[in-house]
Each structure stands twice: as C-alpha cells, then as structure tokens.
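Subject: Structure for your files

Hello,

Here is the structure I said I would send. My notes on what I found follow below it.

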Amino acid sequence: MRRACVQSIRRSTRKTVSPSPISRFNHTSAKSSDSALPENDELPRHTHFGFRTVAEGDKEHLVRNVFSSVASKYDLMNDAMSMGVHRLWKDDFVSLLKPGKKGPIKCLDVAGGTGDIALRILDYAREKYADRETAVDVADINPEMLQEGYRRFKKTMYHNTPQVSFTEANAQDMSHIPSNTYDLYTIAFGIRNCTSIPAVLEEAHRVLKPGGTFACLEFSKMTNPVLDTLYDQYSFSVIPMLGTIFAGDRESYQYLVESIRRFPVQPEFAKMISDAGFTTGSMCEGKGGAWTDLWGGIATIHTGVKLE
Ligand SMILES: C[S@@+](CC[C@H](N)C(=O)[O-])C[C@H]1O[C@@H](n2cnc3c(N)ncnc32)[C@H](O)[C@@H]1O
C-alpha cells in the first residue's frame, strides 16, 4: 500500500496541527540490530551513539533529536563544514548512477533529509536525458528535515508533480512499501545514523526490483594515514566549533563527527552489502571494485545490484 504523495495531507498517528505535505509511516519498532549484546529479554540491547554506548531503544530518538536540532541550519552547516565539497560528492554520486539513462526510473532516497540527492537525481535525468518522468520518493525519520526539503522543492518545477514525494519513515522498517518496487535506492550520509545497518540493507534489498541498484554515499576512512590524522584533527576541532558558531549547537556536531569514526571501513561495509544479498564489484576500490573513494576516502560511494 503506497501512502506517500506530496499532495496528500495525512498524519496517521499525530494530532494534526496544520496541513502537512509529508506522509507518515508509523515506524516505532525497528527490526533486529547489530547490537553489542546477545539477544536477551532481561537485558537492554546496546549500540553506539557517537562514542557513547546507549540502549538500542534510545538511539533512534537521540538521532532524531540531533537532526531536529540541526534541520533549519543543515544546508548552511553542510556548506560550512565541507567548504562546499559535499556538493561535489553528491554530484559525483548522482553522475555515477546516471538516472534516466535507460529511460524513466522510480527511485527511493532514504534518509533523504532536505532533498539534496532527490533534487540532483531529477535535475540530472531532465538535463541529460530530457526525462520528466523519473520520480523520487524521499523518506526520512525526521519530520523537520523533510519539512526543509519540502519547502525547498516548493521553489522548483517538481513541486506538485508526481516526480517527488516525502514520507516520514524509518530506513529499518519500510513495510509500507511493497517488495520489488524501486529501480534505484539511494542513501547519502544517512546509514551511519541508523541503529542497525543490516536491517537497513535488508529493507533496501526487499524494496528494490530485481536488477535494481543500491547506492550509498557515506563518510568513510581515508587511506593515507598522514592525511587521516590531519582530517581527524580538523573534524574534532573545527566542526563542533562551526556547530557552535552557526547553529549554537556543539553537541550535535560532535555526534556527527563521532558517528563518522564509528562507521565500518570500506571493505567491512562492502561485505555487509554483499551479505544482504547484493552483487557488488570485487572487494577493492575503483573500477570494477565494490566502492569508489572520494577525496582519498573522506567519503565513499558503495553500490550493489539486486540480481533476483
Ligand atoms: C546527515 S543527514 C543526510 C541528509 C541527506 N541525505 C543529505 O545527503 O544531505 C542524515 C539524515 O538521516 C536521517 N535518519 C537518521 N536515522 C534514520 C533512520 N533510521 N531512518 C531514516 N532516516 C534516518 C536523519 O533524519 C537525517 O535527515
């Protein structure tokens, strides 16, 4: 059953304060996770939130608080923290996927936030292939981030068209989407915030059609140890400071930096993608490999194909 549509004004489980263009899928319970403790009814399962260990059930709302807090400044901060480089990475990500090349496609952009990837996919398909039918459904756990995205799309030609929709949903539980629905699943700078990466990958595999592509852009591990040390120093000193200056919020940006350090390194994540049932390139970087490093591995693009 499809619930998401830009035009639909519906929130199933909340008091409606004002008409919202964002559909909401009730996503309170997530699937099993890669917790640090064995399953046991008596003990809370644990996971990480940045460098802190927290009860698994707490992570989602902690992450949601971070993005609620940064939503209005998110785009500005992205530019400030990366000196605009995140735009180049996102351009590279979408160019690599070539949406629209083989005709219009149906895309799901998960953890889509303010719609950076969705907008690029639609622009790319239109500008390169005169494709005005490729469509992107943006899903995110955080309504404030989606509101920013919706506001932004209002200024574009895609507003009020079937080419874009926004749904509040958890990447780990997309059960409102039937299996085998999408040609392309994208997730950019989102998966490291999720409690269970395997659960996200499992859902990605399920909602993709056979032949569909999974593509993830995420911060990763620099391959050069000297540059990695410099980058570490920059991240831990400059980014929380920029958070204080631009957003009055040091803690959220401290979390963002820590969460990057906790994310699996390239071969480990590639193996997780393969374990979820995707066919990847060989376990190496570059042409024919499972991943492509950007800027020496500060960010990495991973792809996989669902064969059947
Ligand atoms: C760093 S932002 C990335 C936004 C956008 N993809 C971009 O590249 O600009 C991370 C996003 O992941 C979302 N997120 C975190 N956990 C999530 C989950 N379990 N399911 C869906 N979205 C999630 C946050 O709300 C936030 O919007």
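Asn-170 sits in the loop that joins strand S6 (164-168) to strand S7 (182-188); helices (H or I, at least four residues) and strands (E, at least two) are DSSP runs, numbered from the N terminus. Before going on: this is a predicted model, in which local features need pLDDT of at least 70 and side-chain atom pairs count only at pLDDT 80 or more, while totals for chains, interfaces and linings use all residues. Residues are numbered from 1 along each chain as its sequence is written.

Asn-170 counts as buried because it has 26 C-beta neighbours inside 10 Å. The cut-offs are these: buried means 20 or more other C-beta atoms within 10 Å of the residue's own, exposed means 12 or fewer, and partly exposed is in between, with C-beta atoms placed from the backbone. Ala-171 lies in the loop between S6 and S7 as well, and with 27 such neighbours Ala-171 also counts as buried. Leaving out residues up to four places away in sequence, Ala-171 touches Val-110, Ala-111, Ile-187, Gly-190, Cys-194, Val-200 and Glu-203; contact means C-beta atoms, placed from the backbone, within 7 Å.

The unreviewed UniProt entry lists Thr-114, Asp-140, Asn-170 and Ala-171 under "binding site". Its positions are given in the numbering used here, feature names are shortened, and annotations may be inferred rather than shown by experiment.

In the model, 21 residues surround the ligand, the closest being Ala-111, Gly-113, Asn-142, Ala-171 and Ala-188; a residue is taken as near if its C-beta atom, placed from the backbone, lies within 6 Å. Helix H1 (56-70) and helix H4 (116-129) are the elements that give two or more residues to this shell. By class, the shell has 11 nonpolar, eight polar and two charged residues. Here Ala, Val, Leu, Ile, Met, Phe, Trp, Tyr, Cys and Pro count as nonpolar, Asp, Glu, Lys and Arg as charged, and the others, Gly among them, as polar.

**The sheet and its helices**

The protein has nine helices and 11 strands. Nine strands form an open sheet of mixed pairing, in the order S1-S6-S5-S4-S7-S8-S11-S10-S9; two strands pair if DSSP finds at least two bridges between them. Strand S1 (23-24) and strand S9 (282-285) are at the edges with a single partner strand each, so one side of each has no neighbour in the sheet.

Strand S5 (residues 135-140) pairs with S6 in the parallel sense over five bridges, and Asp-137 has Ser-165 in S6 as its bridge partner. H4 packs on the sheet, touching S4, S5, S6 and S7, and its direction makes about 175 degrees with that of S5. Axes are lines fitted to C-alpha atoms, for helices over the stretch in contact, and angles run from 0 to 180 degrees between N-to-C directions.

S7 and S8 are also parallel, over six bridges, with Ala-188 opposite Leu-217 in S8. Nine of the 12 residues of S8 are buried, so S8 is largely enclosed by the rest of the structure.

Helix H6 (residues 197-207) has Val-200 and Glu-203 among its buried residues. Their cover includes strand S4 (106-110), S7, strand S8 (208-219) and helix H9 (266-275). H6 lies across S4, S7 and S8, at about 145 degrees to S8.

Regards

Notes: Contact = placed C-beta atoms within 7 Å.
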